[in-house]
Amino acid sequence: MKKNQEKIKIHNIKKTFEGGNKVVALENLNININENEFAVILGPSGCGKSTLLYLLAGFEKPTSGKIYLDGKLIKKPSPNRGFVFQDFALYPWKTVLKNIAFGLELKGISKKDSANKSMDYIKMVGLEGFEHAYPHTLSGGMKQRVGIARALVYDPEVLLMDEPFGALDAQTRKQMQIELEKIWEKTKKTVVFVTHSVIEAAYLADKVFVMTARPGKVKGIVGVNLPRPRDYTDDNFLKVRGKILNLLESEVEKSMQQKQEIETT
Amino acid sequence: MFILPFIVVIPIWEIISQLELIAHLPPPSLIFSKFIFLAFEEGVLAQHLIGSVYRLLIGYILAVSFGIFLGTIVGLNKLISDTITPLLSLLISIPTIAWVPVLLITLGLGDETVIAAVFLGGFFAITYSVIHGIRTVNKNLINAGKIVGAGKYKLFESVLLPGSLVSLIPGLRLAIGYSWRALVGAEMLAAMVRWGVGKMIFTSRMSNVIETMFLGLLIIGIAGLLLDRLLLFIENKTVVKWGMVTEG
Amino acid sequence: MEFKIKLGNILAIIIIFIFFLFWEIFANYEIIQIALFSKPSLIFLKIYDNGFEIIGHLLTTLYRLVLSFFIAMIIGIFFGMLMGYDQHIYRFFNPLITTLMAIPGIAMAPIFIIWLGFGDPTIITIGIIVAFFPIVYNAAIGVRSIDKNHVNAAKIMGAKKKHLFLKIYLPHSFTYIIIGVKLGLARCWRTIIAVEFIAATGYGLGYMIWDAYEYLNVTIVYTGILILAIVFFTIEKTIIREVEKKTIDKWGVLHEQVS
């Protein structure tokens, strides 16, 4: 078995947002993620999990603390990471193919080769036939498949996913979880996946990092060692789900209290 | 179907005029014969149209160029755009026609004034729409570009620029309407201008040829409509095709 | 009304101040000709000396604006909603309205001068016409874009025609009506100023400016422009914002906005 190297090291991260009210989104945050690991960051809304992902991506900078990828400090966005957005963030004026090929073309790869490689990924996410469609003609699930293909096509070291299925209906969501699982099995990329759904976490993760309410830090880690693909109804699955829920419950209450406090000020 | 109302209205109009039920109302037949006369026998109609279109094109192209240029510079920087936008709103509040006396005094009574008026008509609207377009591009579209490796210039060219079209193109459409109206107004007021559809109405008033006035009105209205439809066509081929607006 | 205290707004005011300062300096040192450009001190002096007269002109213009706009609004909203409601009426009148809407108000002035003479009748009539079209056009779209299901829901609850109109049709089309009203108001005062250039006799901001131009009284021309900017900027920022706040913001945006 391959030795699991440390891929991502999140070290003593603190992130504050200045503004009308100063908000400490993350504090004393430490997370280590290994290579080929499917890591899920789970937490109540407002706990800063999306902020953490934006820090990993380089879209924002930490107030203090450091993040390392393969031992190197992350300073700004770069194609060694792929990102899947909750609101899809596809370019409306580009076709599906062009959206995916964009990253490749930026690397200097020829239009023809970019198109070919993009087609491979279009097939992989099951969108063959839609390569010349414009994003606004696609359903939510289809748009996110494009998002996933776009993030994977240039073979990044790490895949970052920000509640990618949050904007989809329950049926589509479940379908996408299964599909993502299948796609991941093929490449076994290191994934950092943010969600607030316990079931989603238990289904997809190797490790679940449960976050506290704001300011966010890691409350506990639940390892999920079940064979894949997992069965939602399996006893062991339910046990893992229960473990995660226990950790999460009190934090959800805390975050709702915080929301009420904001609304009354 | 578009013709329907006209098929009904024109005969009724003809009858009302011929029976002189309303004073000073030329019948469509007279307007039409005037049209034939001016267009083909005297051939001046073409000259009027060319004169106007020529001035419109120059002024509008200048407005688009400067507008996009200035709007881009301002739009890229938050502090500058927060400062300039209120000033722009203030300037837009001034009707373009109000600038014409100033233009007449400083630029004279000829073509330059009309072109300047056309420019002013379109410039503010375009600048504003570019600034607004750039500032309201979805942040995640920019992030998506950054993570796949786009540098500052590429981000501008491939994300900000197309992203701002959703505001720019309707802005261009608005602007051509403003420019066209500015053109007509300025032509009516600029004494040394000889050819132009606005001028045509004005001189026909001097000679009290009311059917020419009507003709001029119709031509101006139709021309304005055609210009608007032209830009609507562009809008449909771009931002509507990409699903970036909800209604045309 | 809240005025956002942003750095940008403060800078904007500073820039305006600097602009006037430079204008004054350049004019005083004859870098630009006073005959063409006047200078701020002269303008303010003019306003101080002739304040009442200027206010008289302003009020005349505003009177014409308010009168023509309100008439246009009432007729426009009514007729627009009628058009939106009845498919046949819409199909018949829509092409007419679209065509007539494209005619600039100032171009109508010579004809109306022949029909109605100089002064108020012409100015106000043209004001009504140019304000009317955007209002009627958007009101029609507003009614046509109402979700059929909202209407059905009300009908099934037993709503009578009057109720339907007041409680469903009017509020739902309000977003579009407001858009039409904004456009109509803007076209109205811009056109009134323009028509005043040609058709006014004695009073009105447009008259003041054009008359001043004919006597090459540059200072008054700039005074007029300044007043136009301030007055109409204020109108658009305050009155319109207030109305929008009390209606659209309160009810929520019911439809996507059409620019």
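Biologist: How many residues does the contact take from chain C and from chain B?
Modeller: This is a predicted model, where local features need pLDDT of at least 70, side-chain atom pairs count only at pLDDT 80 or more, and totals for chains, interfaces and linings use all residues. Residues are numbered from 1 along each chain as its sequence is written, with chains lettered from A and ligands numbered from 1 in the order in which they are written. Two residues are in contact if their C-beta atoms, placed from the backbone, lie within 7 Å. On that basis, the contact takes 43 residues from chain B and 46 residues from chain C.

Biologist: Which element gives the most to the side of chain C that touches chain B?
Modeller: Helices here are DSSP runs (H or I, at least four residues; strands are E, at least two), numbered from the N terminus. Several of chain C supply at least two residues each, including α1 (7-28) and α8 (161-199). The top giver, with 9 residues, is α10(C).

Biologist: And which element has the largest share of the side of chain A that touches chain B?
Modeller: That contact takes 20 residues from chain A and 16 residues from chain B. β6 (81-84) and α2 (96-106) of chain A each supply at least two residues of that side. The largest share, 3 residues, comes from α2(A).

Biologist: What percentage of chain B is buried?
Modeller: Chain B has 10 helices and 0 strands. A residue is buried if 20 or more other C-beta atoms lie within 10 Å of its own, exposed if 12 or fewer, and partly exposed in between, with C-beta atoms placed from the backbone. Of the 248 residues in chain B, the buried ones make up 48%.
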